[in-house]
Amino acid sequence: MTSPYPLLSIVGIVMGALTIAASLIWVERRLLALWQDRYGPNRTGPFGLLQVVADAIKIFMKEDWIPPFVDTPVFIVAPAIIFVTVLMSFAVIPVAPGIVVSDLNIGLLFFLGMSSVGVYSVVLAGWSSNNKYSLVGGMRAAAQMLSYEVFMGLSVMGVVLLSGSFSLGTIVEAQKKVWFVVPQFPGFVLFLIAGLAETRRIPFDLPEAESELIAGYHSEYSGMKFGMFFVGEYMGITLISGMIAVLFFGGWLGPVLPGLLWFLIKTFLFIAFFILLRAALPRPRFDQLMSWGWKVMLPLALANLLLTGAAVIIRR
Amino acid sequence: MLSILRTIWFVFLHAFQKRVTVQYPEEKPYLAPRYRGRIILSRDPDGGERCVACNLCAVACPVGCIALQATEDEHGRRYPEFFRINFSRCIFCGWCEEACPTYAIQLTPDFEMAEFHRQSLVYEKEDLLIDGQGKHPGYNYWRVAGVQIGGKDKGQAEHEAPPVDVHTLLP
């Protein structure tokens, strides 16, 4: 199942992903304000929508300062890695029937692999900054990713068992009768939490914990290099939300409206939920984070996998 | 775990609550009558300046933003030759108002005094003086003070008896 116009869908998905990520600057601030009884940016243009343009212009005009004490090549490469890996992951997401850059038969594995590579960005940024806070941030990111990647992979295995494929297109097609969130509810919750940790969003933003580590791994970054981390994070949110929609909520499936719109609606709902979590939850301590990951989430993911496997065998 | 979900739900409910933001330029905030904003110099009911150039405000000012020069008119009445407040230094603490013995210097509920040039924030006496009496209507320092000036001799102030000549024994 390849796209009839491959170039068109490549350009469409890249531009779409970048546009959504950029507009999330505005969406996040407005939604956070909504849940904090404020208005958020509402002065620049209609509903403050031009805030995105203003922020983009500002960040492009800023001096891109490389401190003299950093490991320059690594320092420059690090922000590019997160950008590239997240963008690569978008290649396997089927946004509508036939609209996908590349419907790999190992799409899910590709996504997991790319998100693992993305961690290098954070670790290398923290390491090359030659700054103890950045390093602590990078190390935290490494430890956090290690422990959350494990059950992230395990939590989606239930979906793979039920659909019998690693291809995301096939997974969506397998949800025609019932969305996988119903039989795989624990898997959905686990994936959601792991996705939060993966994107380093608020309850799990220990790598950049501004109250303890200044800005963590990107303390030394400025200008567009910081912008890359910033947009990379927002694209990560979009990616994880899209993945949740594809894996557990039937991707483009839905009545009346066209598939693309259904996919976007579902994705946006999860983006909004991520922002709601940011508005609601405090940051846990690092040892709480680690023991939560290894002692609670991992056994739960294993149990979920075991039960799903048993159910699949019994039903056959 | 349940408390986390409860938190998320209650934060979500905030979406339907009233905003606390005051949309400032369109919607003005309420300022209390005793709000400490722009400083003015008031006049007495006769229209004369209340300020007697005693320098107490300049001394009380913690940032030293008040400068004035005392002089006297033909009646022997003191008034400031110039009176200058540098609002780029002023911290609006209100100590000048507390120090003022004649209710001349007062703070008003007005804070919209942004300028493009720093020099524009230095207010001279003409900028500070208002035509009204401010917070203390009817008060006239020279009418109640026991000081002798031209046109008002001893014993001619309000609620003041003529002076007693202590050297005479006549009843």
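In the predicted model, Ala22(A), Ser23(A), Ile25(A) and Trp26(A) of helix H1(A) meet Gln51(A), Val52(A), Asp55(A) and Ala56(A) of helix H2(A). By residue class, this contact of H1(A) with H2(A) comprises five nonpolar residues, two polar residues and one charged residue.

The geometry of the helix pair was examined next. Two packed helices are described by the angle between their axes and by the distance between those axes. Helix H1 of chain A spans residues 6-35 and helix H2 of chain A spans residues 51-61; the two pack at an angle of about 115°, and their axes are 9 Å apart. Because angles of 65 to 115 degrees count as roughly perpendicular, H1(A) is described as roughly perpendicular to H2(A). The crossing in which H1(A) passes H2(A) is right-handed.

Chain A also touches chain B. To this contact, chain B contributes 11 residues and chain A contributes 11 residues. On the side of chain B that touches chain A, six residues are nonpolar, four are polar and one is charged.

Chain B contains an open sheet of three strands, arranged in the order S2-S3-S5 with antiparallel pairing. Strand S2 (66-72) and strand S5 (122-123) of chain B are the edge strands, each of which pairs on one side only. Strand S3 of chain B, formed by residues 78-86, runs antiparallel to S5(B) and is joined to S5(B) by two bridges. Asn86(B) has Val122(B), a residue of S5(B), as its bridge partner.

Definitions and conventions
Residues numbered from 1 in each chain as written. Chains lettered and ligands numbered in written order. Predicted model: local features only at pLDDT ≥ 70, side-chain atom pairs only at ≥ 80, totals over all residues. Axes fitted to C-alpha atoms, helices over the stretch in contact; angles between N-to-C directions. Helix = DSSP H or I, 4+ residues; strand = E, 2+ residues; numbered from the N terminus. Parallel < 35°, antiparallel > 145°, perpendicular 65-115°, else oblique. Left-handed = near helix turned anticlockwise from the far one by under 90°. Contact = placed C-beta atoms within 7 Å. Nonpolar A, V, L, I, M, F, W, Y, C, P; charged D, E, K, R; others polar. Pairing = 2+ DSSP bridges.
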